[in-house]
Amino acid sequence: MLVLAGAMAVLHGAVVLFMLTGSLLALRWPRLVVLHAPVALAVLAVNLAGAPCPLTTLELALRAAGGAAPYDGGFLGEFVFGPVGLDVRSAAVQVGMYAVAIGLNALGYGLLLRRAVVHRPLRR
């Protein structure tokens, strides 16, 4: 079970990374938007609702089934911010986290929109 929990943590990290960079990757591979947009919206909805992340819930269940101690603070608190000494619950970390996520996605989708408008054929 611990191997599955570890695999779930790796998958979770990939989802977070894809949510952050998917719109920028779509500048190179535009069809990626079809996958990225729903993933980014789902991650945003879970975070704004304050709901527990389903990936974290599954990982913690797998850890418990394997006899490992659970962790507190969620995936980002455990694997991203905790190791560098930051409290994921602090206002500064929360603002920074959302600013990076929204900023990267706004940049990527803004550039995609600009590209679509600039390259749109004129109607006559």
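This is a predicted model: local features need pLDDT of at least 70, side-chain atom pairs count only at pLDDT 80 or more; totals for chains, interfaces and linings use all residues.
**Exercise 1.** Describe the secondary structure of the protein and decide whether its C-alpha atoms are spread out or compact.

*Solution.* Step 1: the protein has 5 helices and 0 strands. From the N terminus on, the order is α-α-α-α-α. Step 2: the globule rule gives 14 Å for 124 residues, but the radius of gyration is 18 Å, well over that value, so the protein is more spread out than a compact globule. Step 3: along the principal axes, the C-alpha atoms fill a box of roughly 70 × 30 × 25 Å. Step 4: of the 124 residues, 21% are buried.

**Exercise 2.** Compare the span of helix 5 with the expected one, then find which of its residues are buried and what covers them.

*Solution.* Step 1: helix 5 has 28 residues, and at 1.5 Å a residue 40 Å is expected. Step 2: from first C-alpha to last, helix 5 reaches 39 Å, close to that expectation. Step 3: the buried residues in helix 5 are Val93, Met97, Ala101, Asn105, Gly108 and Leu112. Step 4: their cover includes helix 1, helix 2 and helix 4.

**Exercise 3.** Characterise the largest pocket by volume, lining and residue classes.

*Solution.* Step 1: its volume is about 1100 Å³. Step 2: 42 residues line the largest pocket, and Val43, Asn47, Leu76, Met97 and Tyr98 lie nearest its centre. Step 3: at least two lining residues come from each of helix 1 (2-25), helix 2 (33-49), helix 3 (54-65), helix 4 (74-81) and helix 5 (91-118). Step 4: by class, the lining holds 31 nonpolar, 9 polar and 2 charged residues.

Terms used
Residues are numbered from 1 along each chain as its sequence is written. Side-chain values use heavy atoms; hydrogens and water are left out. On a 1 Å grid over the protein atoms alone, a cavity is a set of points where a 1.4 Å probe fits but cannot get out, and a pocket is an open set with protein on both sides within 12 Å along at least five of seven lines; lining residues have an atom within 4 Å of a point. Grid points are joined across faces, edges and corners, and a volume is the space filled by probe spheres set on the points. Helices (H or I, at least four residues) and strands (E, at least two) are DSSP runs, numbered from the N terminus. Ala, Val, Leu, Ile, Met, Phe, Trp, Tyr, Cys and Pro count as nonpolar, Asp, Glu, Lys and Arg as charged, and the others, Gly among them, as polar. The expected span of a helix is 1.5 Å times one less than its number of residues. Buried means under 20% relative accessible area, exposed over 50%, partly exposed in between (1.4 Å probe, protein chains only). Contact means heavy atoms within 4.5 Å. The radius of gyration is taken over C-alpha atoms; the globule rule is 2.2 Å times the number of residues to the power 0.38.
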